[in-house]
Amino acid sequence: MDVRFTWMLCVLCLVVMVRAFTQDTFKEVLLKQLGLSEVPKLHKRDLVDLVIPDHVKNKYISMLKRNRVKRRALPSLAGILRGIPGNTEVLYSDTTTRQNLIFDMEGRIPKNSEVTMAELKLFKKPLDRANLPTKQSHRLVSNARVSVYWVHRQHDGTNRTSLIDSRLVPIRESGWKNFDVTQAVHYWLRNKRREPMFLQVWIEGERVGSHASEMAKAVRFTSQDPKDKALGKPELVLYTLDLEDYGGPGDCKEEAVTGKSTCCRQKHYINFRELAWTQYWIIEPAGYQAYRCSGGCLQPPSSLWHFGYGERACAVAESSPLPVMYLVKRGNRTEIEAAEFPNMVIEKCSCVTDGMALV
């Protein structure tokens, strides 16, 4: 893809968002960026036994970290959730250890506040050398890959997972390990769940190979099981902002919904799991806050219109990219790729006339 074509795609994204970021225009942007004329014909069976290659997962994770939403200043601690005590299971397989975590979220987030950050804190137990493999390898393995997923229980009873954060954890070190799970809390809030929030922790080898997988099995975190007497139960730490005191400048108040406000940025969530054409195509994220520009603008005097000044409208002034992991059909094969789509998240709105932003 040459520079000129890439630039044209960026301009297309911005133009589409200036008009109206609807589901149809969003589909148009994705198809044009991927060079497709129509949405790939994908089905639920294409997701069965599908394994995300490590290089694709690592690429997606690195893009996520580059595009972390900037935390606004002066957050307050909303609370530390200890989880729901119970015999939460730990599942073992040949390559992965999975630990389920459950947190009761109902009523824990103050009204008229926004969750700016959420951290999952896991306490790694001291290494028990009895858990290390007896057979050694010539390649040193020092870390394990620990990933946190949000588990979405669907209406048909099946579970759909979304990757939230991932990092390498030293196998021989103990202590608290923190993971950014803000996106998971936003998913839970968006779905207006009354049930607890379910997270799943995956522990895998830092690279491909049986020795790395066996070494990763030595990593143990404390659980929510009351029978686990180890100190340091899993914690979910929530940070919030009181919107009365720290409402973000440029973001819409409640009256913006009625169209009576001046130009501002309004929340507009796109849920990939609910759109028929994306639910099997886009693997990650499950959805995202795209925002839209809403409200009116002061108009120039009519005497200036013949000098080229036209009607001013509320439109996108700044935007940021969105990392996406999606399926690709190549003949009879289904593969996973990761890409960063530009101009998919509106960061700032302002009044625009003739393509020029006039704040």
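A salt bridge is a side-chain nitrogen of Lys or Arg within 4 Å of a carboxyl oxygen of Asp or Glu, and the structure holds four of them. This is a predicted model, in which local features need pLDDT of at least 70 and side-chain atom pairs count only at pLDDT 80 or more, while totals for chains, interfaces and linings use all residues. Residues are numbered from 1 along each chain as its sequence is written, and side-chain values use heavy atoms, with hydrogens and water left out.

**View 1. The salt bridge of Glu214 and Lys217.** The closest N and O atoms of Glu214 and Lys217 are 3.2 Å apart. Glu214 counts as partly exposed because its relative accessibility is 34% (buried means under 20% relative accessible area, exposed over 50%, and partly exposed in between, with a 1.4 Å probe and protein chains only).

**View 2. The salt bridge of Glu347 and Arg265.** Here the closest N and O atoms are 3.9 Å apart. The pair links distant parts of the chain, 82 residues apart, with Glu347 in strand β16 (residues 333–353) and Arg265 in strand β10 (residues 264–266); strands are DSSP runs (E, at least two residues), numbered from the N terminus. Glu347 is partly exposed, at 39% relative accessible area, whereas Arg265, at 11%, is buried.

View 3. Leaving aside neighbours within four places in sequence, Ala78 is in contact (heavy atoms within 4.5 Å) with Arg108, Pro110, Leu238, Tyr239 and Thr240.

How values were computed. Helices (H or I, at least four residues) and strands (E, at least two) are DSSP runs, numbered from the N terminus.
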